[in-house]
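My entries follow in the order in which I made them.

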Amino acid sequence: MSEAQEFKYIGQRTIRPDGFDKVTGRATYGADLTLPGMIWGKTLRSPHAHAKILSIDTSKAEAHPDVMSVATFKDFVSLQSESVAGTEDAAGVLDVARNCLADDKVLYHGHAIAAIAARTESAAKDALALIDVKYELLPAVMDVEDAMKEDSSVLHDDMFTAGYDEKPSKASNIATRVEMKMGDVEAGFAEADVIVEREFRTPTAHQGYIEPHACTVTYDENGQSMVWCCTQGHFDVRTLTAKVLGMELGKLKVIASEIGGGFGGKTVIYQEPVALVLSKKSGRPVKMVMDRDEVFIATGPTSAAKLKAKVGVKKDGTITAMQGWMAYEAGAFKGSPMVPGVMTMFTPYDCPNVLVEGFDVVVNKSKVAAYRAPGAPQAEYAAEMVVNELAELLGMDPIDLRLKNAAKEGTQTIYGPKLKRVGLVECLEAAKNSPHYLSPLPEGQGRGLASGFWFNIGGQSSVSVNMNPDGTGTIVEGSPDIGGSRASMQMMAAEVLQIEPKNLKPIIADTENLPYSQGTGGSRTTFATGMAVIEASEKVVAQVKERAAAVWNVTAEQVEYADGVARNTAGEDSMTLAEVCKNAEKTGGQISGNANINARGAGPSFAVHICDVAVDKETGKVDVTRYTAIQDAGKAIHPGYVEGQLQGGAVQGIGWALNEEYVFNADGVMENPGFLDYRIPLASDLPMIETITVEVPNAFHPYGVRGVGETGIIPPLGAVGYAVGNAIDRKVEELPCSPPRVLALIQNG
Amino acid sequence: MAKSHVTTSINGQPQEFLCEPGDTLLDVLRNDLNLTGTKEGCGSGDCGACSVTLNGRLVCSCLVLGVEVEGAEVGTIEGVSTGDGLHVIQEKFLEHAALQCGICTPGLIVSAKALLEENPNPTEEEARYYLAGNLCRCTGYDKIIKAVMDSAETLRGVA
């Protein structure tokens, strides 16, 4: 696309089409579906962080009159016949199944062991006490240091570290080691005038969506089943659930309910296959809804991490070498977002000499799930803190230091490709000229700044645009809408069809109504599903031209389409879109366009955040007094919802930096599984979040979209962390900057 | 255990229901009366997604027992828009893009309405503290506060 396109509808602040149901309470979320004859399922969870399961006796529960069915791992029959030492994929499915219901070991406090379905939710909950589980306790491994020790208690005796030339002889908690490098860091550090090296820690933190995981399912005598659930990707729920239960995809229909927040945490399955087992065994529809403590102990979270960053710089501000090391907790099963951490850590900088080493480490905590730019906030936090310290040591403005080294078009990344056109420089310049940065820091406060980088992804999206005989239409898409994406689909289709957005109704179809569509994640929906919407709409326009051409007895090439009207360039005729649709019956049948694409060319989104804080020196409490988020959107389809993504990401990052962390006791039991003690930001904790949306178009999207969902959570960790250190004149290394930790820093130096 | 019979009023309509002694008002609203606009986010009074009014006072319906609403007036999100259109607060939430996923929205609108009935002219700080019991994980609250402040202004103009 060319820069500075003119748009008729794109860029307006339209009212989202699903909004009316959401402000009136009519919208139906995961827990809101009730079916005739429905019963309730509840899950028995491990009180221990690490133990062998010696036996599970469900006989008393099964005999109870209220209990309709019981499920344990043994019910995942097809998996037991599948070889454990099979393909990578099979092992992955087995891990998913073992996370849904424990096999021979419990691997974290909260690990599901069995489930019961009963007439009421409270009866199901009460009956859980009738299940008798015998354990042999094992030492709990609760952080990467412990887990990486030679003599550590091992979670999986069949796991050998991948990433070394020779397969290790001993099982380990280190699932994978990855190294990425370019240039020569030793030579780079030798050129440097100043080098800073520090070690950092980030806590286990949860996505914190307000809606607990929930599903309602049916399983009929013919093996046809239905899952209604809150998910970011219902096609992926179908794939995973079908694999765990050994079902054909065609027998499992998954309907995405409205979703009450996901942030990456609703891209996996927990209750869905369990509920189907309970339904199959009872012959009843089954609803399962997690309690809030279950959400904390058994879903999400993101990886706690230990990181090291070392950066060398010349006196003039030229960065000569960057080196990183990181160990990410995966939770009970391998698969932390360590790799994207390695990839993103230093990508905001154009430096020829980079080396990053990463470890994916299992510990006795719940299996991590994706969380907004998974893996990047931790790694980039370490990098940004060190870059800020270097700016201070050089006496250089931190924005100038970044501008001198900023990644731009042509910058070589550590993970392979060179960057295409990106907007980091524009974001840094916008930050420098922002009202916030131009304002002096109030006396006694601290200021911090950080940049952030995330790739964004494309992937598979399927869309159908169906026109009605009156010229209105339906946009059928397969990407669950978490933050207003239906509004942007409506606007993109309207832009192509040149009719009012409100005449097009976007709906999220179930898995039987469209081909596979990847979930909403990776900031992909407005980009990739948007591309499919545009392509499908263009096919509608092509058909409209053909139909009009047929009526006028000219070729389709002789028909022009603009402002919702087809015009005969070889004559005086014209027909509105509505007229062509009304006539469709007589010109060859109804009009629709579809596009099933695998979108390439996702555009990275860079951000820069500025944060001011005030620290109460007596209590260590930190207040964010001013905050500005600047980010390159490529093109903001709906500016209001783009700002919302910037603000929401910033505030999740502020929570991560200031207060949010899992607290475990010595036995590995989580002690704060509720919103009172796991404190996410409240309205009263925050100022307004100022935003600046930069638009450097992504050449691979017809309208320039990059995707904005994730990058916003990356810079807050460094911006807030550095601001706190600046306010108290200390070096912050460990997050969160909660009152006790800040107070200790103030008192102990 | 025997169920209790409760006579109450919900959104101005008389309502009777049977409930277990341990059922919360939230359980009754959602599971027995099918008023699922009131959401459950925590069940412990920490998130505000289940906010309703009880005799005009803002409460978390997960902290009220069903049997406690005998003879009371309960107000839920389903009663906020009456007649032929949205309430001003609902309109302003849409106009300001003050919701993303929308799960906290019913509770926030019920709370915002209670705020503006108590205090038609709140400062930003007063609004932030009044709504501190309603967690939103998506928006960072910025647009919610703007929508509430704009609602206050509009409602004062109307009055």
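**Helices H8 and H9, chain A.** I listed the contact first: Val237(A), Thr241(A), Val244(A) and Leu245(A) in H8(A) meet Glu272(A), Pro273(A) and Leu276(A) in H9(A). I count two residues as in contact if their C-beta atoms, placed from the backbone, lie within 7 Å. Helices (H or I, at least four residues) and strands (E, at least two) are DSSP runs, numbered from the N terminus. By class, the residues of this contact are five nonpolar, one polar and one charged. Here Ala, Val, Leu, Ile, Met, Phe, Trp, Tyr, Cys and Pro are nonpolar, Asp, Glu, Lys and Arg are charged, and the others, Gly among them, are polar.

I then took the axes of H8 (residues 234–245) and H9 (residues 272–282) of chain A, which come within 9 Å and cross at roughly 55 degrees. Axes are lines fitted to C-alpha atoms, for helices over the stretch in contact, and angles run from 0 to 180 degrees between N-to-C directions. H8(A) and H9(A) are therefore oblique to each other. The cut-offs are under 35 degrees for roughly parallel, over 145 for roughly antiparallel, 65 to 115 for roughly perpendicular, and oblique for the rest. The crossing of H8(A) and H9(A) is right-handed; that word applies if the near helix is turned clockwise from the far one by less than a right angle, and left-handed if anticlockwise.

**Provenance.** I noted that this is a predicted model, in which local features need pLDDT of at least 70, side-chain atom pairs count only at pLDDT 80 or more, and totals for chains, interfaces and linings use all residues. Residues are numbered from 1 along each chain as its sequence is written, and chains are lettered from A and ligands numbered from 1 in the order in which they are written.

**Helices H13 and H14, chain A.** I repeated the check on H13 (residues 398–405) and H14 (residues 424–432) of chain A, whose axes come within 10 Å and cross at roughly 160 degrees. H13(A) and H14(A) are therefore roughly antiparallel to each other. Their crossing is left-handed. From H13(A), Ile399(A), Arg402(A) and Leu403(A) meet Val425(A), Leu428(A), Ala431(A) and Lys432(A) of H14(A). I find five nonpolar, no polar and two charged residues in this contact.

**A sheet in chain A.** I followed an open sheet of four strands in the order E16-E24-E25-E26 (chain A), with mixed pairing. Strands E16 (446–454) and E26 (689–694) of chain A are at the edges with a single partner strand each, so one side of each has no neighbour in the sheet. Two strands pair if DSSP finds at least two bridges between them. On average, neighbouring strands of this sheet are turned by 15 degrees against each other, direction ignored. E16(A) runs antiparallel to E24 (residues 605–615) of chain A, and nine bridges join them. Phe453(A) is opposite Phe606(A) in E24(A). Helix H21 (residues 715–728) of chain A packs on the sheet and touches E16, E24 and E25 (622–632) of chain A; the direction of H21 makes about 160 degrees with that of E16(A).

Most residues other than glycine have a negative phi, and most peptide bonds are trans. I noted a cis peptide bond from Leu735(A) to Pro736(A), with omega near 0 degrees. Pro736(A) is in the loop between H21 and helix H22 (739–748) of chain A. Asn553(A) is not a glycine, yet has a positive phi of about 60 degrees. I located Asn553(A) in the loop between helix H17 (525–552) and strand E20 (559–562) of chain A.

**Domains of chain B.** The assignment gives domain 1 (4–79) and domain 2 (88–158) of chain B; such bounds come from an automatic or database domain assignment. The centres of the two domains of chain B, taken over C-alpha atoms, are separated by 22 Å. In their contact I find 13 residues of domain 1 and 11 residues of domain 2 of chain B. Strand E3 (residues 51–54) of chain B gives the largest share of the domain 1 side, three residues.

**Chain A against chain B.** How many residues does each chain bring to the contact? Chain A brings 44 residues and chain B 42 residues. H20(A) gives the largest share of the chain A side, seven residues. By class, that side has 20 nonpolar, 16 polar and eight charged residues.
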